[in-house]
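Subject: Structure for your study

Dear colleague,

Please find the structure below, together with its sequence.

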Amino acid sequence: MIEVAHLTRRYGRYVAVDDVSFRVEPGTVTGFLGPNGAGKSTCMRMITGLTPPTSGTATVLGRPYVALGNPGRHVGVLLDAAAQHAGRTGREILTLGAIMMGLDRHRVDEMLELVGLTGEESRRRLRNYSLGMRQRLGIAHALLGDPQVLILDEPANGLDPAGIRWMRSLLRGFADEGGTVLLSSHLLHEIEVVADDLVVIGRGRIVANGSKAQLMSAAGTTVRSADDARLATALEVGGFQAAPMNGGGIHTDAEPCVVGQLALQQQVALLELREAGTSGLEEMFLQLTAADAREGVAA
Amino acid sequence: MNATSTVHSDRAHMSERLEAGTASAIPFGRLVALELRKLTDTRAGRVLILVAIGLVVAVGLIGVFSGKPSQDKNLRDFLALGSLPLQLMLPLLGVLAVTAEWSQRTGLVTFTLEPRRSRIAFAKWVAALALGAAGVVIALVVAFGFTGLTDALRSSNPSWHLSWQVVLGTVVGQLLYMSIGVAFGMLIQNTPGAIVAFLILPTLWSILGSFSWSENIAQWADTNRTLSPLYNATMHGDDWAKLVVSLLIWLALPMIAGIWRMTHSEVKSA
């Protein structure tokens, strides 16, 4: 379990992480979503004790990370797959980790096999690894100590589609066995399949936090009609938000049933009417990346 | 992917595992052994060690064949000769042990596996000391070899006497040089910067000390000067005070500031 309470980190006048609180429960995969520079990595570094928070607390398995003793045996961390000595072989990097955590050396071979690095590849120096191979090695390193919590920063970066699918099933299996997973990404579609819960962060603040199902139903409704402008006006008169979408149609926070009734009253023919779901999340997410979007969407 | 189920234990019972004692800290000896391994498992580390040993042998060889057979050919002279390259080269490994965590960004992993960073700092220090002691042992062996060689080739009829003060002075001196290297690494955190500072700053002092107006300062602040009576076993009078003052400046201050910086700074990947 990971518990983050009111975490804040300032750099001078710039607030990188602003009063962030969330929980990651055992048995779940939580997607930590946000555009580049939103504060995801800073948050993860604060959870793992690398960055001292300006204020607030973070605990893993009920303790501050520093109090875990031999944290590698409880928490698998991958923050940057490229942050390894370029002159060491993959096998040596894992061996150093195994020594430090006090593990049997067989564990190194098991993990290499698990992530699909061959014996030949494991004897190459890291500088000759592709980004995808580095990610696989980083995941092997995170799993080395047989942890019950995983904290992974953008682990899908550089993986090919088959690799992404492999990682998803690995994380799903890990959570199904009771493990806790916090997984960051700047791409919604990369983690929406595997995530149970989502924490969306933008400009250092949490803008949405809840189960994926909850967030998707809160994402509103999309509608296409013969007269979008007239329907939009009617929605606004009714006290709802109505925003035109790229490529036609309206996105609104009204329930599909309400939209249907309004269309009936206005005698506007509907072409399409459905819950926004993923595309609504995507929409919300895109708004965050837009330079002027400061207000978030609460779930 | 059923491979996952074969490599993970049952996570439902894991919080108990935390209580059951596997949360106990990483033993300090293991951290030291790990740091020693990290010093020797990269090309940079191996090259530095080989160059240091090579220089010890090279200056020894020069000692064998230079000068008159009766001049400076005792065991003690060869030990003094061999310890010169060790003073210069081995502390660079102490520097590297620390700065690689930043220059190679391995600190991200090292400090997540042992978040109490002062333990890493001390493990690096102890590993550097062990390496320094090993270096003196090698220098001693080489000195014995070359003293015998000179006697065989040039009939130098050397003195094989080595006072305990000279041996102790050589060991302590080497350990102090190693410590200064580690301290510079911790303070500067950047490989080229720390190496340049370690090599250049004392030399600058030596140059400054050659001017009459700074002669007094150099006597107290130039470690090359204050450490040499330790190596020669000629410490007396205010030599001790001078040694302590110079070590305060070049060892204690950078070490304290360096450990503070290491334990308080933010560890980032980029």
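Predicted model: local features only at pLDDT ≥ 70, side-chain atom pairs only at ≥ 80, totals over all residues.

Residues are numbered from 1 along each chain as its sequence is written, chains are lettered from A and ligands numbered from 1 in the order in which they are written, and side-chain values use heavy atoms, with hydrogens and water left out.

Domains. Chain A consists of domain 1 (2-211) and domain 2 (220-275), with bounds that come from an automatic or database domain assignment. The centres of these two domains of chain A, taken over C-alpha atoms, are 41 Å apart.

Interface. In chain A, 55 residues are in contact with 48 residues of chain B (contact means heavy atoms within 4.5 Å). The two chains, A and B, bury about 4500 Å² between them, 57% of it on carbon and sulfur atoms; buried area is the accessible area (1.4 Å probe) that two parts lose on being put together, summed over both. Of the area that chain A buries against chain B, 18% is supplied by A:Leu50, A:Met100 and A:Glu177, more than any other three residues.

Four salt bridges are counted between chain A and chain B (a side-chain nitrogen of Lys or Arg within 4 Å of a carboxyl oxygen of Asp or Glu). One salt bridge joins the side chains of A:Arg45 and B:Glu266, at 2.9 Å from N to O.

Single residues. A:Ser122 lies in helix α4 (residues 119-122) of chain A; helices (H or I, at least four residues) and strands (E, at least two) are DSSP runs, numbered from the N terminus. A:Ser122 is buried, at a relative accessible area of 0% (buried means under 20%, exposed over 50%, partly exposed in between, with a 1.4 Å probe and protein chains only). Beyond its neighbours within four places in sequence, A:Ser122 has contacts that include A:Leu112 and A:Tyr129.

Most residues other than glycine have a negative phi. A:Arg203, however, has a positive phi near 50°. A:Arg203 sits in the loop between β8 (197-202) and β9 (205-211) of chain A and is partly exposed, at 37% relative accessibility. B:Gln189 also has a positive phi, of about 60°. Its place is the loop between α8 (164-188) and α9 (191-209) of chain B, and B:Gln189 is buried, at 9% relative accessibility.

Yours sincerely
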